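Here is a short briefing to read alongside the model. Have the sequence and the 3D view open as you go.

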Amino acid sequence: MEPLAHEGLGRLLELHGRRTPLALGAEAGAKLLSEKALGDGGALKLGRRKLALPSQPLGRDTAQAPFLALSDDVAVLDGAASHDPRQLLAALRATREEAGWRRLLYTPAVEPAEMPLLAYLGVDLFDSLTAELRGAAGYRLEQGDWIPDAGATTAGNRKALAGWLARIRSALEQGRLRELVERTALHNPRVAQLLHHSRELLATLGARRAVEIRAGALSLGHPAVTEWRHSLERFTPPAAGMVLLLLPCSARKPYHWSATHRRFHRTLRELDNWLALHVVSVTSPLGLVPRELEMLHPAAHYDVGVTGHWDANEHAMFGRQLERLRPEDRYKKAIVHAGSASGLLAELLRERGVEVLETGAERPASGAGLGALRAACRTALRGVASLSGRDRSRGEAAGLAQVQFGELAEPLLAAAVQGRWPRLRLEGLANFSPRIGGFALTVQGAAALAAAGGPVIEAAEFQLRGDLFAAGVIGTRGEFRNGEQVAVEQGGEITAAGIARMAPGEMVAMERGLAVEVRNRG
Amino acid sequence: MADAFAEFVNAAKQEPAAHPLDQPVATWTEREVLDGEQVEAGVAILRTRGCYWSIREGCAMCGYFNDTVPGGVSTEALQAQWAQVLPRLAGKRYAKIYTSGSFLDPTEVPLDFAAQAMAEMHAAGVEKVLVESLPEFVHARHMDYGAAPALEVAIGLESATPLVLDKCVNKRLKWDGFTRACANAHTAGASVKAYVLLKPPFLNEAQAIDDAVASIERAAPHVDKVSLNPVNVQRNTVVERLFRRGEWSAPWLWSVVEVLRRTRECGVRVYSDPTGGGTQRGAHNCGECDQALLDGLTAHRLGGPLPAAACDCRGRWKALLAQGGVRRDGAEPWGYRRGFRGGRRF
């Protein structure tokens, strides 16, 4: 059993020559075998391997923990097809605790439309039972949806289901499963409910995967987006008493590569004391993106249709983000030069008691817009203490490190800050990495974090060349998620730094698969 | 796990509402067959303390405790109830006297009250009386009435499969106990009717049919007739919880007919009068063919042939049965029986 890719709680696994998630009874060489005696649960067949299923849940209240029925190789979530969303989420949340990482998770008789979401939440096995019954009732499966069709057949639905699962697997491999889930949720109330209730679970235990987010109506609940908005709580501006400058986002990411932001930059850098301006971009669904964070995922990796219309959800979200940024305590004043969002942001800032200058420019990057920006900045910067390039870089590094590592950033900030944003360095401990979009830890940096209680992977003592695989992992310390930076320890010594590619329990339990993508070796 | 099941059963129960003690739960008349002849039978349900087992744990499908009085009903109150029941049995040759428990349990129905009731029915010309009892109370000393109509004792076998009794029904009944009760009844001159469940909770449709057929075939040599009882949804039971959650649905009427068809040669009369038939809470089909089948079952119960009807939904029923070996519970997709017509759910 080898995990090939992760997204959310979902895994693309390779085992016995097949890949999961798959649908038993729909795909070649994968099927359910009938029970031999009443209630024994039967078995399933994957290729030539036969795996026993746990016995039927006779007399069991499936709404009470333990939620899963277990056999050696399979964990079954009985009632998954009908449980109400919260109940189903409670059971899914308990999955790894009850079943560990080496059992396949099977949800019997669920609707095809729910399969992308359930796969995203960690389910490995589905079946063709519902699709067969739909066939008998005259419905054909098409892209996860039921189409009335007198010619529908059980065999046809099995084949369509196999195609649907192939689509789920390729989406998972590409990191686009979330998109497929959002798409099914749009027109399926049950999936929408389940997706809504799974936000917290995904944000706390889901894998972080730095793929582009093509934002839609449901992207406000994307775990990376939610996490981003929360991370603003850990952020501090480079220095106290700066002037906050709110600018519009750009289609090109990161923003400072865009034509509009280059024009802004050329305008600003001509001003005296322009380093005391703190640029924060205004965008949906992320909300606010301080300049020093704009290379991070997802700020540098999303795309959204811009309409100039801000709905009530977005309005509320900006309010919440300003609450997290606390501009009234941290900035001397604010300039709003954010195009269509200007009015609502100025209003929100004033509600918080911030002195606001509005440029009033409808087209912020036009000649007139830039003129208005220049004038507003000159006015706002009058009387503001000047900020040196060095102090500013130190402040930017601190803000970025705190967002990336939270409380663990402290030992890193003891190092001298070198270079200028975006190419900042924390001497000896971390360097800017375009792949990470922020600081990549060196071995010394990872060791400093580990000493402060940061995440450590204990590996067997062998010469580490290239990446660390699950077979070599002995244990883990500290908390981390798939996608976060970790230290590798061998024989009591930190020997490498890298990015975790499995969840903590998973890399200990698994015998195959990439556990840590090693980026720096001692 | 048996304990967890008992907890599940108890968690589903609720304290019964307060009931008037001097009124029977219900009385009605229905068509029955007596000695090969159709007669009008008088039926009454007396309000009693109820089944002792339901007070301790109870069975997963049984909501009769809802009609009982936990503190017990005095003999005077029983007599007051009986005074209302007796006139309604006038001119009836067949009577069915139910309690929400065991008529033969002397702690539920005192023996002297039972003897008095039997004597009065005998005097009123009733030829045969049906009472129900758990097998543990079926003993000559509990049926020692003196002058009484012929007695028919109905015993809930439910299933002859220990696993089903233990994990699906929560009934502590041993096969030996059942056959001993049948023998005791016969010795005391009574005839025996067995109740067999169709689709206890947790079983899927195909398992339910197989289990009912096997149970009837095994019970037939020991009894005089068998009533096949498709499980219906009674209030405050495990079945109701599973029904509400969509983890179990009441059996199809096709399944009822199928069990009757497969047990035609078993040697005793087997029939079914589905409680709540044709509704979501009782045995039902697609809604189109339900009434025809229910009428057919009634005719069959009164001596007619097995109902024969054709309907589109039979194909869907067969498709569901084909999954019998791999389906882990008694559920099916919402709206399946009516072919997902009239509203859509995913």
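How many bridges join S1(A) to strand S2 of chain A? Five bridges do so, between S1(A) and S2(A) (residues 10–15), and the two strands run antiparallel. Strands and helices here are DSSP runs (H or I over at least four residues for helices, E over at least two for strands), numbered from the N terminus. Two strands count as paired if DSSP finds at least two bridges between them.

Please keep in mind that this is a predicted model, in which local features need pLDDT of at least 70, side-chain atom pairs count only at pLDDT 80 or more, and totals for chains, interfaces and linings use all residues. Residues are numbered from 1 along each chain as its sequence is written, while chains are lettered from A and ligands numbered from 1 in the order in which they are written.

**Confidence**
- Chain B has a mean pLDDT of 95, with 98% of its residues at 70 or more; pLDDT is the predictor's confidence in each residue, from 0 to 100.
- For the complex, the predictor gives an ipTM of 0.94 and a pTM of 0.94.

**Where the chains meet**
- Contact joins 30 residues of chain B with 32 residues of chain A, where contact means that C-beta atoms, placed from the backbone, lie within 7 Å.
- On the side of chain B that touches chain A, helices H1 (2–12), H5 (162–169) and H11 (313–321) of chain B each supply at least two residues.
- H11(B) gives the most to that side, with four residues.
- The residues on this side of chain B divide into 15 nonpolar, seven polar and eight charged, counting Ala, Val, Leu, Ile, Met, Phe, Trp, Tyr, Cys and Pro as nonpolar, Asp, Glu, Lys and Arg as charged, and the others, Gly among them, as polar.

**The three-stranded sheet of chain A**
- This open sheet has the order S1-S2-S3 with antiparallel pairing.
- Its edge strands, S1 (2–7) and S3 (18–20) of chain A, each pair on one side only.
- From one strand to the next, the twist averages 15°.
- Pro3(A) stands opposite Leu13(A) in S2(A), and His6(A) has Arg11(A) as its bridge partner in S2(A).
- S1(A) and S2(A) form a hairpin with two residues between them, and Gly8(A) in the turn has a positive phi of about 60°.
- Helix H5 of chain A (residues 154–174) lies across S1, S2 and S3 of chain A, at about 110° to S2(A). Axes are lines fitted to C-alpha atoms, for helices over the stretch in contact, and angles run from 0 to 180 degrees between N-to-C directions.

**An enclosed helix, H4(A)**
- Eight of the eight residues of H4(A) (129–136) are buried, so H4(A) is largely enclosed by the rest of the structure. Buried means 20 or more other C-beta atoms within 10 Å of a residue's own, with C-beta atoms placed from the backbone.
- Among the buried residues are Glu132(A) and Arg134(A).
- The buried residues of H4(A) pack against S11 (125–127), S12 (139–142), S13 (145–148) and H5 of chain A, together with H11 of chain B.
- Gly138(A), which follows H4(A), has a positive phi near 85°.

**The four-stranded sheet of chain A**
- The order of this open sheet is S21-S22-S23-S24, with antiparallel pairing.
- S21(A) and S22(A) (residues 425–426) pair over two bridges, and Val417(A) has Leu426(A) as its bridge partner in S22(A).
- Helix H15 of chain A (residues 389–405) lies across S21, S22 and S24 of chain A, running at about 70° to S24(A).

How values were computed
Two residues are in contact if their C-beta atoms, placed from the backbone, lie within 7 Å. A residue is buried if 20 or more other C-beta atoms lie within 10 Å of its own, exposed if 12 or fewer, and partly exposed in between; C-beta atoms are placed from the backbone.
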